[in-house]
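Dear colleague,

I am passing on the structure below, and my notes on it follow. Please read them alongside the coordinates.

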Amino acid sequence: MDSAPLTLGQTLRLGLIGLFVFFGIWLLLPTAGLVPPSFLPSPIAVAERVATLTTEPFAGATLPAHIAYSFTRFIAGFALAALIGIPLGLMMGWFRLVDEIVSPIFDGLRFIAPIAWVPFAALWFGTGIGGPVMIIFAGAFPPCVINAYRGARQVDRRLVEAAEMLGTGHFRMIVDILLPASVPSLVAGLRVAAGLGWQSLVGAELIVASTGVGFMMVQAQANVATSTVMAGMVAIGIVGLAIDMALRWTEASIRRHRGLDG
Amino acid sequence: MGSIRFEGVGKVFGNARTGFKALDDVSLAIGEKEFVAIVGPSGCGKTTCLRMVAGFEGVSAGKVLVNDRPVVRPGADRAVVFQQFALFPWKTVRQNIEFGLRNKRIGKDQRDHLVAGSLKLMSLESHGDAYPHQLSGGMQQRVAIARAYVLDPDVLLMDEPFGALDAQTRVVMQEELVRLARVNPRTVLFITHAVEEAVYLADRVAIMSRRPGTIKEIIDVKTVRLAERWDGHERIEDVMDLESFVHLRTRIWKSLREEKAEIGH
Ligand SMILES: Nc1ncnc2c1ncn2[C@@H]1O[C@H](COP(=O)(O)OP(=O)(O)OP(=O)(O)O)[C@@H](O)[C@H]1O
Ligand SMILES: [Mg+2]
């Protein structure tokens, strides 16, 4: 295995090569007439479409407005998943009894893909805010629980003992030891949860929503507005990347603060 | 306040029938403000003894008493200094030292006063706002000692506290501990592999044997130290050169060597 670490310059250069080849092929296929533009619009056409969509509404709203709808749902579902999932996971990892009671149910449910909740989401909450939020929740909840659980299980025994000999009671042990000790795990879990939540969201909007990037894309597909579909995909990619980068940055700065990485 | 008594203590790890007998019939009485060091071969059960006093580990036979009461759970009356420091990495030096005081619900002013005092005592004044990972090993262990001392515990339990430090830092820490013990005497149970460290620091040295772990011999250092005026010497190397020191050290060494030789057969 070739495992020598790459320098920053090398990483950048290789990344650029990858992007260049990718866009080169994408540009070449429709412009050289290898595939019809209605099948695969060129990157230039997509970029233009993104630009027009910022001012010109499609399916009831402009692209930024659709993104805002999607993002609001995402935040709602994600926050709900974190607020319920993290405490639940921590308690499962910390208290044996909770683990024994909750784990079987949780292990069964978590293999149901977020998208599989769509029929229930539609039935219970309709196409308003509730349906998509429930599906994002279904995507983001398991990683929150699992990482919180792991975080709680991996709390350094020595730190718990140190706290015990300093006379720490149950409440403070949870707030001042368990919680901060599992923060790196929790943030790692939030990152995975955000990724899955965002992915599930668009899936959900394809079916149960009347606004949002996903909704815009189905409408465009019905109208064979391929470049609009792709504009939606670009938006999803960019917003997803931005969410991931923000959480990655948070994670890195926490680890640095703790002295976990150089 | 601060006596420790082991009365016929036994410890079996695992279940009673197939379990592993780590300690057998350990008896040792440590008086108030006495400094006792335990030395012994690796695996003889030194840490287990200390953990039973701390309340991290129960006994399988006999009794462990602190201030004549059996130990039931960990508590701030028995502060521990761990070999691996065990500082809270997400808290500053000041917050680490303050941690136990907050549990005792000591008011802010009083806390600040106590923390400032122990930062000074441990020469950490300029590092109060640093995080543990920003400090050297020696400094981290000083924080751990300050964190324990500031609670004014009846008993101080130290498990190879200087084991992770380099030779020079170790010597400095040993001298500081002696200085600290003079300013603020405590009952100390101190575990070490280093015979010289034990003789330099302790009033008495308990030598343990293994399989099963028990106390084999107890050597009185204090009488010799007072008679030979070790305290008149500032530096550890001057004490270590004294004939009386060398004599005690050699005696303990021999006792430990017998131990290891017996294992070989
Ligand atoms: N939790 C445990 N479960 C099973 N066995 C244990 C446990 N803790 C300690 N032991 C065993 O008990 C014996 C004594 O361990 P202990 O850590 O007290 O020795 P020690 O004298 O401190 O050794 P060292 O000098 O290497 O630190 C060892 O054989 C160890 O393997
Ligand atoms: Mg040990």
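Over residues 224–247 of chain A, what percentage of the chain is helix, and how far apart are the end C-alpha atoms? That stretch is 92% helix and 0% strand, with its end C-alpha atoms 36 Å apart; here helices are DSSP runs of H or I with at least four residues and strands are runs of E with at least two, numbered from the N terminus.

This is a predicted model, in which local features need pLDDT of at least 70 and side-chain atom pairs count only at pLDDT 80 or more, while totals for chains, interfaces and linings use all residues. Residues are numbered from 1 along each chain as its sequence is written, chains are lettered from A and ligands numbered from 1 in the order in which they are written, and side-chain values use heavy atoms, with hydrogens and water left out.

The unreviewed UniProt entry annotates residues 12–29, 74–97, 109–127, 133–152 and 224–247 of chain A as "transmembrane region", in the numbering used here, with feature names shortened, and such annotations may be inferred rather than shown by experiment. Residues 133–152 of chain A are 100% helix and 0% strand, and their end C-alpha atoms lie 27 Å apart.

Between the chains, 24 residues of chain B are in contact (heavy atoms within 4.5 Å) with 19 residues of chain A. The buried area, meaning the accessible area (1.4 Å probe) that two parts lose on being put together, summed over both, is about 1,900 Å², and carbon and sulfur atoms give 66% of it. On the chain B side, B:Trp90, B:Phe99 and B:Asn103 lose the most area to chain A, together 31% of what that side buries.

There are two salt bridges between the chains, counted where a side-chain nitrogen of Lys or Arg is within 4 Å of a carboxyl oxygen of Asp or Glu; one of them joins A:Glu161 and B:Arg51 at 2.7 Å, N to O.

The buried residues include B:Phe99 and B:Asn103, and their cover includes α7 (157–165) and α8 (170–207) of chain A together with α3 (108–121) and α4 (137–149) of chain B. After α2(B) comes B:Arg105, with a positive phi near 60 degrees.

With best wishes

Note on methods:
Buried < 20%, exposed > 50% of the residue type's maximum accessible area, 1.4 Å probe, protein only.
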